[in-house]
Amino acid sequence: MGAQLRVYRRRMRSVKATKKITKAMELISASRILKAQQRVAQSSPYATELTRAVSAVATFSSTSHPLTTASVNVKRAAVLIITADRGMAGAYSNAAIKEGDLLIAGLKARGVEVAAYLVGRKSVNYYRFRDRAIANSWTGFSDNPQYANAVEVSESLINAFTSDSTSEILGVDELHIVYTEFKSMITQTPVAAQVLPLEVDASERPEGLLPMYEFEPNAGEVLDALLPRYVQARVFNAMLQSAASEHAARRRAMKSATDNADELIKSLTRLANAARQAEITQEISEIVGGADALASASAGSE
Amino acid sequence: MSNLTVEVVSPEKRVWSGEATMVSARTLEGDLGILPDHAPLLGVLVDGQVVVKAADGSVNEFTINGGFISVSNNRVSILGESA
């Protein structure tokens with residue numbers, strides 16, 4: 001076998017091995033998207049009920065609560081950025097980080113200091129590499145977040161939010177989340193949302209008039225207990241959506257990698273075939289040339 | 001008499017939903033029973049049992065670790081931290 005042909009065959013073998021890996025990752029992600037989507041769906045009744053309750057309290061009580069009243073001069077804002085732990089998901093993590101950068105730039109333009117809270121190894125590495133300050137970070141659960149993880153993250157955020165200037169933790173006046181919204185299998189968009197102080201979006205508000213509520217024990221205490229859970233639910237929902245988006249992004253990235261491998265194998269096969277044919281042609285012409293030379297040599301000696 | 005539409009939900013999933021004739025739960029202020037046509041209410045629950053008497057006569061008990069109950073227009077939602 002000629003050297004050229006051997007090189008082509010070797011490259012084809014390695015591309016085929018890579019294709020097997022990317023194909024496997026594609027299938028794994030595809031099966032996990034479905035599960036992640038179901039988890040988003042399962043967590044939504046809780047989120048809807050909680051949003052309904054929070055908007056009821058926020059609308060119908062005159063109690064001012066630190067979690068609902070906007071601070072007049074905002075000095076520091078917390079930004080929670082949710083990214084993946086692992087790569088191989090195309091632009092997924094980078095898109096979220098970019099969206100976060102955009103939000104941070106906007107906040108800084110308003111003269112607000114930013115405290116970065118990061119979820120996922122990708123964003124942590126990005127911030128470390130650029131020597132940016134990280135207020136807190138969590139890794140290891142981006143593809144399958146549990147409610148306990150959301151509670152852990154929210155606790156740190158709420159602590160920062162409720163602490164005043166006298167305590168040791170630097171307080172924040174606003175809380176934003178940057179996550180990737182799972183719109184469909186094909187579309188996932190990074191979004192930045194403000195969580196605290198409370199802004200009940202019109203889109204999330206349930207239809208119709210809100211009933212006049214009685215509060216037990218009283219509106220203030222209900223709010224005290226309700227709002228941390230609201231933050232937890234928001235963080236949890238953001239994490240679940242991000243997880244679903246991560247799997248979808250990975251599936252798409254791996255699908256195009258598999259397609260590319262197919263393409264590459266096809267063109268390498270063509271090249272290998274051409275090389276083999278060229279070898280054969282050369283051998284034939286060598287034999288014919290040799291025979292001719294022999295024939296003319298023996299003809300000359302007679 | 002109309003029935004209550006009850007939903008018991010935890011952050012991870014919907015635990016139970018259906019029609020019920022009575023719901024009882026323990027709030028910060030004490031035990032609370034809810035029958036149809038109860039006034040709109042929002043209460044903080046403490047750790048304990050929530051009992052739902054379903055319309056078909058069966059009695060369902062859930063152990064709740066902190067949460068909320070919200071009642072409006074014969075819709076009862078119980079939001080448990082874990083249920």
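Helices (H or I, at least four residues) and strands (E, at least two) are DSSP runs, numbered from the N terminus. From the N terminus on, chain A runs α-β-α-β-α-β-α-β-β-β-α. Chain B reads β-β-β-β-β-β-β-β along its sequence.

This is a predicted model, in which local features need pLDDT of at least 70, side-chain atom pairs count only at pLDDT 80 or more, and totals for chains, interfaces and linings use all residues. Residues are numbered from 1 along each chain as its sequence is written, while chains are lettered from A and ligands numbered from 1 in the order in which they are written.

**Confidence**

- The model has an ipTM of 0.76 and a pTM of 0.80.
- pLDDT is the predictor's confidence in each residue, from 0 to 100.
- The average pLDDT of chain B is 80, and 96% of its residues score at least 70.

**Chain A**

- Chain A contains five helices and six strands.
- Of the 302 residues in chain A, 34% are buried. A residue is buried if 20 or more other C-beta atoms lie within 10 Å of its own, exposed if 12 or fewer, and partly exposed in between; C-beta atoms are placed from the backbone.
- Two residues are in contact if their C-beta atoms, placed from the backbone, lie within 7 Å. Among contacts in chain A between residues at least 6 apart in sequence, 78% join residues at least 24 apart.

**Chain B**

- Chain B has eight strands and zero helices.
- Buried residues account for 35% of the 83 residues in chain B.
- Of the contacts in chain B with a separation of 6 or more, 47% come from residues 24 or more positions apart.
- The C-alpha atoms of chain B fill a box of roughly 30 × 25 × 15 Å along the principal axes.

**Interface between chains A and B**

- The contact takes 23 residues from chain A and 22 residues from chain B.
- On the chain A side, helix H1 (3–60), strand E6 (214–216) and helix H5 (219–301) each supply at least two residues.
- H1(A) gives the largest share of that side, nine residues.
- By class, the side of chain A that touches chain B has 17 nonpolar, two polar and four charged residues. Ala, Val, Leu, Ile, Met, Phe, Trp, Tyr, Cys and Pro count as nonpolar, Asp, Glu, Lys and Arg as charged, and the others, Gly among them, as polar.
- E6(A) and strand E4 (residues 41–45) of chain B run parallel, joined by three bridges. Two strands pair if DSSP finds at least two bridges between them.
- A:Glu216 has B:Gly43 in E4(B) as its bridge partner.

- A:Met88 is not a glycine, yet has a positive phi of about 60°. A:Met88 lies in the loop between strand E1 (76–82) and helix H2 (92–109) of chain A. A:Met88 counts as partly exposed because it has 15 C-beta neighbours inside 10 Å.
- B:Asp37, also a residue other than glycine, has a positive phi near 65°. B:Asp37 sits in the loop between strand E3 (30–34) and E4 of chain B. B:Asp37 has 10 C-beta neighbours inside 10 Å, so it counts as exposed.
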